[in-house]
Amino acid sequence: MAKQYETVIGLEVHVELATRTKIFCGCSTAFGGEPNTHTCPVCTGMPGSLPVLNKQVLEYAVAVGLATGCTITRNCKFDRKNYFYPDNPQNYQISQLYLPICRDGKVEIETEAGRKFVGIHEIHMEEDAGKLIHDEWEDCSLVDYNRSGVPLIEIVSEPDMRNSQEVIAYLEKLRMTIQYLGASDCKLQEGSMRADVNLSVREVGAEEFGTRTEMKNLNSFKAIARAIEGERERQIDLLESGEKVVQETRRWDDNLGESYAMRSKEDAQDYRYFPDPDLVPVVLDDDFLAQIRAKQPEFREEKMLRYKQEFEIPDYDIDIITGSKHMADLFEATVVLGSQPKKVSNWLMGETLRLLKEKDMDPEDICFSPENLAKLIALTDGKVINNSVAKEVFELMFEKDMDPEKYVDEKGLKTVNDEGALRKTVEEVIAANPQSVADYRNGKEKAIGFLVGQTMKAMKGKADPGMVNQVLREFL
Amino acid sequence: MKMIDMTAAELGAAIQKKEVTVKEAVEAVLDQIKKSEDTYHCYVTIDEEGALRQAQEVQKRIDAGELKGPLAGVPVAIKDNLCTEGMLTTCSSKILYNFVPTFSAEAVLNLQKAGAVILGKTNMDEFAMGSTTETSAFGVTRNPWNPEHVPGGSSGGSAAAVAAGECFYALGSDTGGSIRQPASFCGVVGLKPTYGRVSRYGLIAYGSSLDQIGPLSRDVRDCAMILEAIVSHDPKDSTSVPCQDSDFTSALVEDVKGMRIGIPRDYFGEGIDPEVKAAVLKAADALKEKGALVEEFDLSLVEYAIPAYYTIAAAEASSNLERFDGIKYGYRTEEYEGLHSMYKKSRSEGFGPEVKRRIMLGSFVLSSGYYDAYYLKALRVKALIKKAFDQAFAKYDVILGPVAPTTAPRLGESLDDPIKMYLGDIYTISVNLAGLPGLSMPCGRDAKGLPIGLQLIGDCFQEKKLIQTAYTYEKIRGAFGRPEA
Amino acid sequence: MANIISDETIEYVGILAKLELSPEEKEQAKKDMGSMLDYIDKLGELDTGGVEPMSHVFPVKNVFREDIVTNGDMREEILKNAPEEKDGMFVVPRTFE
């Protein structure tokens, strides 16, 4: 009988923090600048430059630690991790090894198999590296240090996960928590959240862990699931054929669906960590922790419970809306402005989700304001515009946040409530379409739809379709 | 009195009184440089044009009444590991042979605010690693008292320039004695301030937890004046401490009555030159006669300071010097195949033997399996050494001893045996480990005519006690003079 | 000499430190490092049990910056000393990936 194997997975998740400036200097963290325009002597490793810690980085790291049930290290330090690579201008990365800011946390996840806890070994603060661009023409590489020194936290889990569903549930949970804190937008595709997978296999029932590998370059949940499956199979194949798994770092190629070892004889993987003498210890007192605690937001679970009690909207809607902090904020703010919760939810669940999907966007990227959504809902509630006009206006609002009242006014899109004008148009439509009129009178109920359409068209869409229907039936 | 024999304070006062123009002062010192630089080689870079231009600007501001300080218009030399905007800064290393910083060190900016005129950059041991200035990639500096002897190091160029009249004062840096020891060998005053007193921003790091910038000067008054100018709390340096008790010139008081002075017996044991011992003890007696309470005591742990120091300094240096890789600045090898070959060849060709020796040692003591046994052990010993000093300062205001076991050795005698060279630092390095202030001043000359240095060590932030004691001793001793050119 | 440094150790440290030593330099490095380590071993004579390693001499702590952008575009200065630059970036030998 074939042996049964269990997969053991731990994750190292890097999250780029949403600070305005870098971790150790006053350079902007904004995306998209020309190469090396967001750099200074500190983040390019100029001789004589020195780092000074951005306080916001510490506050975000502590907030994430508290939200994930960690113990906060009251006396923490930064260490240097020494390795040569061109994206690392000092050839050491400032990180934390000996006294990381957070330790021993856990988060609860839910999969089809039920609920479970995933332990968090530690969370530490560190700086990001620059970017290497390969110049195909000259067969060289180019270095851009705009990202060098952008603050990261690395969240190291315990090896508590057993399959890709759990891994994805864990990542979703982290993402949600961190987004709710406003500490990061956590986008896998854009690299503001990066997960390295540590994976080993062992026979079911075995006590000891197998030898693990570390998988890098996983840019989507799908890639993570595929890489986990691929690596599990690779390791089982090795063991089945009597070979050993080598502890190594591997890079996943999602196009090929396989991984390869990243090693070089010039990399000894001996980082010679030692406390950075240029930075002083961070000592946190009760007051500091109390301040951070007081600023913690309502997290998703609490929000879901409150929505159930406060708003009459379906559980499905609650799930989707609270699935994005931004969407939940938008929902609540619009309701506060006086819109009916169900109507707000309908706009989010319907048109918003449709457009997000169509444009391949993230809910965090929604740009329209609660004020404008509330105005749009008021316009339809008051029958100032009809539904099809509302959808048109919404699409423009989604594209580029704008005031729907003003737009409707300027473009003359208000529903015509002038019954005289409507009656006149209906008379004209009836006169121009004798065949349809005859069909209707002969019992073809469908024919009225055509006549409504013709009337709407003649009125440039600005009539209320219900009223058109009513008047038509009257005439016929 | 010749202009170049003036102290910085005398020159500064003469400039304020319009007896001398800044241009005249700069020209006098450039004249001296022309006469003696070929012999002593104190400088890596001399900026004649820039100095004359600065002289003009500073004079204008003095005439407009904007610059009234005692250092306004006084020409200064800067050690070549302090960044100077637009001026070559090499650390006396081939790997930075063409490096022109885009900003100036905070200490340099502070001097410029006080109206200093920068003459150029002084020679040093490569990356401040050495005690003789012989490890410079740009040639040795010679001792103005006897050109066959070394000026000490690593701030040898700064000390020699002050002694030779090639500047009125200089800045140096001290990681294990690099200001005090060359000051001692060249017969000038040198002070390593308390760690954190002077911003390290813009100082190209050797051992970050030990490095400190300080003055080299003609006398104690100048020393206090310069220190007052360069001390600042700098938000760019996390290890910079808020200023306290930093009106150093107020300590220029001729009075040591009741000053408790401890003499560590451990500093006068094996290896000390009898002439050095005699001169230092004579200075102690002189202070005692003026009312100081002088007694001997056992400091302990002295022989452990050197191995602890070399472990910590080498470890930090191995990491600090990783940034010199031929990518962003400095030397890049001509021929290479691929990235790692570029790194290795650039660094191997760019660094000299002493620097490589310390990088290798530092990388080793931090490497997997050795970190605890070497690096952490050294940090524990550092804690013990600090404690020993704390105990001493519970009893004494000032610790008095020699700066170095001998006077300046002859050129070429020191580099062969690294351990022997490191032993020369025995009285200075524990001061860096404990972060304390230490002052070096001449207290005599040996039979060869070479200066002997006296070291005064204070508790953290107690520079004023050092200055007061040194000033009093200087009055007893009388003018020390400069070497005959 | 109690510490015998092997060729492998010198090779390994050379990889860590990115230094390539000539055969003569290697021999010298073995000798120097061995005697330095013998000397450092002296620290073993001291009982440091219960002593905390001391990184900073003073109890300095909590030095922070506010999260405010203070730096503008410094690209020109940053690239000023580059041995080789292209399109506003530093040029390095091709990195494999």
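Predicted model: local features only at pLDDT ≥ 70, side-chain atom pairs only at ≥ 80, totals over all residues.
Local features were taken only at pLDDT of at least 70 and side-chain atom pairs only at pLDDT 80 or more, whereas totals for chains, interfaces and linings use all residues. Residues are numbered from 1 along each chain as its sequence is written, and chains are lettered from A and ligands numbered from 1 in the order in which they are written.

Between chains C and B, 37 residues of chain C contact 53 residues of chain B. Two or more residues each on the chain C side come from helix 1 (7–17), helix 2 (23–40) and strand 3 (89–93) of chain C, where helices (H or I, at least four residues) and strands (E, at least two) are DSSP runs numbered from the N terminus. Helix 2 of chain C gives the most, with seven residues. By class, this side of chain C holds 24 nonpolar, six polar and seven charged residues.

Chain A contains an open sheet of nine strands in the order 3-7-8-11-1-12-13-14-15, with mixed pairing (strands pair if DSSP finds at least two bridges between them). Its edges are strand 3 (71–72) and strand 15 (258–261) of chain A, each pairing on one side only. Strand 1 (residues 5–16) and strand 12 (residues 193–203) of chain A are antiparallel over 11 bridges, and Val15(A) stands opposite Met193(A) of strand 12. Helix 3 (residues 221–240) of chain A packs on the sheet, at about 30 degrees to strand 12 of chain A; angles run from 0 to 180 degrees between N-to-C directions, and axes are lines fitted to C-alpha atoms, for helices over the stretch in contact.

In chain B, helix 9 (residues 302–320) and helix 12 (residues 371–395) pack at about 130 degrees, with their axes 9 Å apart. Helix 9 of chain B is therefore oblique to helix 12 of chain B, the class left after angles under 35 degrees (roughly parallel), over 145 (roughly antiparallel) and 65 to 115 (roughly perpendicular). The residues of this contact divide into 11 nonpolar, one polar and one charged.

Conventions. Contact = placed C-beta atoms within 7 Å. Nonpolar A, V, L, I, M, F, W, Y, C, P; charged D, E, K, R; others polar.
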